[in-house]
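Please read the following report alongside the sequence and the three-dimensional model.

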Amino acid sequence: MKNLKKLRTKIDLVDDKIAELLRTRKNLVKEASGLKEHIFDHEREKEILERNQEFKDIFQLILDHSKLSQLKKRNNIVLKELIKKPLIIAGPCSIESKEQIEKTCFFLKERGIKIIRGGIFKPRTSPESFQGLGIEGLTYLREAADKNNQSIIVEVMTEKQLELIYDHIDIIQVGSRNMSSFGLLKAVAKKTAKDHKPILLKRGMNAMVDEFLKAAAYLSEHGNNNILLCLRGIRTFEQINSELRNTPDLAAILELKQKTDCKIIFDPSHATGNRRYVNQISKAALQLGADGLMVEVHPDPETALCDGQQSLNFKEFEDLLRVVIN
Ligand code: PEP
Ligand code: MN
């Protein structure tokens, strides 16, 4: 017992030293960040991980924290100011590269779009599919959006991801697959209790409207009512031999408007899964009273790593704006 105590005292001393070294590292990173053009340097990160193979996982964490510490903290956006009907959120399904998101943010800024979507942790059906760039993707998105004075919305799938990126995103997205992850909903509710950061909750693809509203109630349970309810299509028999990935749940707009004060966003990209139908469904959603749209846009949908078939290219997005903005 005595020995254990002694060893623990020694371990505590080592931990103190590690913490001190991490502090020194953080200060050096801060100094270096003033000399670099971009936060993320692929080659440099690879080199550090290779040099520290033995503790690769720990170093990956250190590097992720270090990247995040170089991003500016943001003030909360005020949703009410942004919802000048219709609110249009646009951007790629996933962040794929610095160039991709820089091009997209700039294009969207020129068209007046103030909120950019972009996945960094992707909920993919197959583990073989592209899973997102993680924190690397966030640095690209944050930098590109800041340059163009835009806010960002990013999906989190776990509480850990929420903690990691919370200070650097403007709207938290809870995706369709996690609408019923009550642990995650509770964590998001608790985390946003103090600052009321906006949350966009997507309807589960198999969820009833009532279940959707109850999931939203989990989010507001600590007083944050800054919730956007996002309809994104549901699974029905229509998907058999159909060009539609989901059935656009347009009538739910009418019902939600009766039952909640939350703003309603319609996602025509996932609701149809087919770019050919995006514009008409968007128009219908707004006519039925949706407060806004969340649309997937990509500079070159043919090469997209995720959801290219439903993403609009820049020209198609301009057509959409003509259709939905008078
Ligand atoms: C998304 O918006 O990136 C997404 C994955 O959508 P959903 O959760 O609706 O499938
Ligand atoms: Mn997508």
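Predicted model: local features only at pLDDT ≥ 70, side-chain atom pairs only at ≥ 80, totals over all residues.

Residues are numbered from 1 along each chain as its sequence is written, and side-chain values use heavy atoms, with hydrogens and water left out.

Helices (DSSP runs of H or I, at least four residues) and strands (E, at least two) are numbered from the N terminus. Helix H1 and helix H3 pack with their axes, lines fitted to C-alpha atoms over the stretch in contact, 10 Å apart and at an angle of about 45 degrees. H1 and H3 are therefore oblique to each other, a class left for angles that are not under 35 degrees (roughly parallel), over 145 (roughly antiparallel) or 65 to 115 (roughly perpendicular). In contact (heavy atoms within 4.5 Å), Leu-22, Arg-25, Lys-26 and Val-29 of H1 meet Ile-62, Leu-63, Ser-66 and Ser-69 of H3.

Ile-11 also lies in H1, and counts as partly exposed because its relative accessibility is 49%, where buried means under 20%, exposed over 50% and partly exposed in between (1.4 Å probe, protein chains only).

| Helix H12 | Value |
|---|---|
| Residues | 275–287, 13 residues |
| First to last C-alpha | 19 Å |

The buried residues of H12, among them Val-278, Ile-281 and Leu-286, pack against elements including helix H10, strand E7 and helix H13. Just after H12, Gly-289 takes a positive phi of about 110 degrees.

Technical notes
Chains lettered and ligands numbered in written order. Expected span 1.5 Å × (residues − 1). Axes fitted to C-alpha atoms, helices over the stretch in contact; angles between N-to-C directions.
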